[in-house]
Amino acid sequence: MLQKSRYTRPYLFAIVMAVLLVCSTAWVLLSTFVFAREEVPVETPVATPTPSTDTSAPTATPNTPVISTDTQYDDGNIKINIETVKQENLTYYVADIQLSDVKYLKTAFAQGKFGRNYTQTTSQMAEENNAILAISGDYYGFRDNGIIIRNGTLYRDKAADESLVVMSNGDFKIVKDSETSGEQLKAEGAIHSFSFGPTLVENGQYAPRTSKVNTNNPRTGIGQVGPLHYVFIVVDGRGAGGSQGLKMQDFAQLFVDRGCSVAYNLDGGGTSTMWMNGKVVNNPSYGEERRLSDIIYIGK
């Protein structure tokens, strides 16, 4: 009897360790992909955007008529025009946006909360925030790093790689996370930051690192043409609507061709969605919208 016990103990120990390992792995996966966990902002003060003095930006007058269709919007402060481009095996959508003030360039979190596993579709977030135009964001909730500033509040201050920062005058700039911090960017007037990447365009030229991503996929990106003049581009892919998507460098070139001085890649693939005035504009690759943690939108 003692001899049998001596041989069964190692097996019992192995079984216990295997069970613990399985439980631990299951907990990590559930925590990462299932359980919602709200996070507290690093600090709560909100930066006040500096009004633009650019005379070329649209300016509303008391009697400005509002134009609002599936592809256009103009109320004197916000001007949006969406163009659908169809080529062989490729379809993409370009939203040209001109604002009178950066305050109309906004972001929103799924369920109105910052944290892990809070997700909604682009449409749901857009409708809940009375958006005019919206695109899928950088899915910050899928990562634990990256500097995250939204609507002037610093939510996460953990370095990743390169971030796109929107300053209080509406200008875009690319920063290396290792050379700055969320606190510093906020002190300099940052009102939004995004950390998906990579950078697509700097100084009007496509970024060399875009050539390293050589697969065709749906894409979403945002760029700046000039003062308070922006471009949102969403590319269909993976066969949706007959479109195969784009390689990253080809995607970057779209922004260069549109005159962008700076452009940045957001979460693509099944997430890529453009929404305008109550309707999804593009063809999401899953046949329906994928849920994610945030959007970038234009609204009053």
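This is a predicted model: local features need pLDDT of at least 70, side-chain atom pairs count only at pLDDT 80 or more; totals for chains, interfaces and linings use all residues.

Me: Where is T271 found?
Reply: Residues are numbered from 1 along each chain as its sequence is written, and side-chain values use heavy atoms, with hydrogens and water left out. Strands are DSSP runs of E, at least two residues, numbered from the N terminus. By that numbering, T271 is in the loop between β18 (262-265) and β19.

Me: Is T271 buried or exposed?
Reply: Buried means under 20% relative accessible area, exposed over 50%, and partly exposed in between, with a 1.4 Å probe and protein chains only. T271 has a relative accessibility of 0%, so this residue counts as buried.

Me: Which residues is T271 in contact with, leaving aside its neighbours within four places in sequence?
Reply: Contact means heavy atoms within 4.5 Å. With those neighbours left aside, the partners of T271 are S136, Y139, R290 and L292.

Me: Which residue in β19 is the bridge partner of A134?
Reply: Two strands pair if DSSP finds at least two bridges between them. Strand β8 (residues 133-136) and strand β19 (residues 274-276) are antiparallel partners, with three bridges. In β19, A134 has as its bridge partner W275.

Me: What is the order of the strands in the open sheet of five?
Reply: The pairing in this sheet is antiparallel. β6 (105-109) and β20 (279-280) each have a single partner strand, so they stand at the edges. The order is β6-β21-β8-β19-β20.

Me: Are the rings of Y139 and F142 stacked, edge-to-face or tilted?
Reply: Rings of Phe, Tyr and Trp (its six-membered ring) pair if their centres lie within 6.5 Å; planes under 30 degrees apart count as stacked, over 60 as edge-to-face and the rest as tilted. Y139 is buried at 13%, whereas F142 is partly exposed at 46%. Their ring centres are 5.7 Å apart and the planes are at 50°, so the pair is tilted.

Me: How many residues apart in sequence are the parts that F172 and Y230 tie together?
Reply: These two rings are stacked because their planes are at 20°, with centres 5.1 Å apart. Both F172 and Y230 are buried. F172 lies in strand β12 (residues 172-176) and Y230 in strand β17 (residues 229-235), so the parts tied together are apart in sequence by 58 residues.

Methods:
Helices (H or I, at least four residues) and strands (E, at least two) are DSSP runs, numbered from the N terminus.
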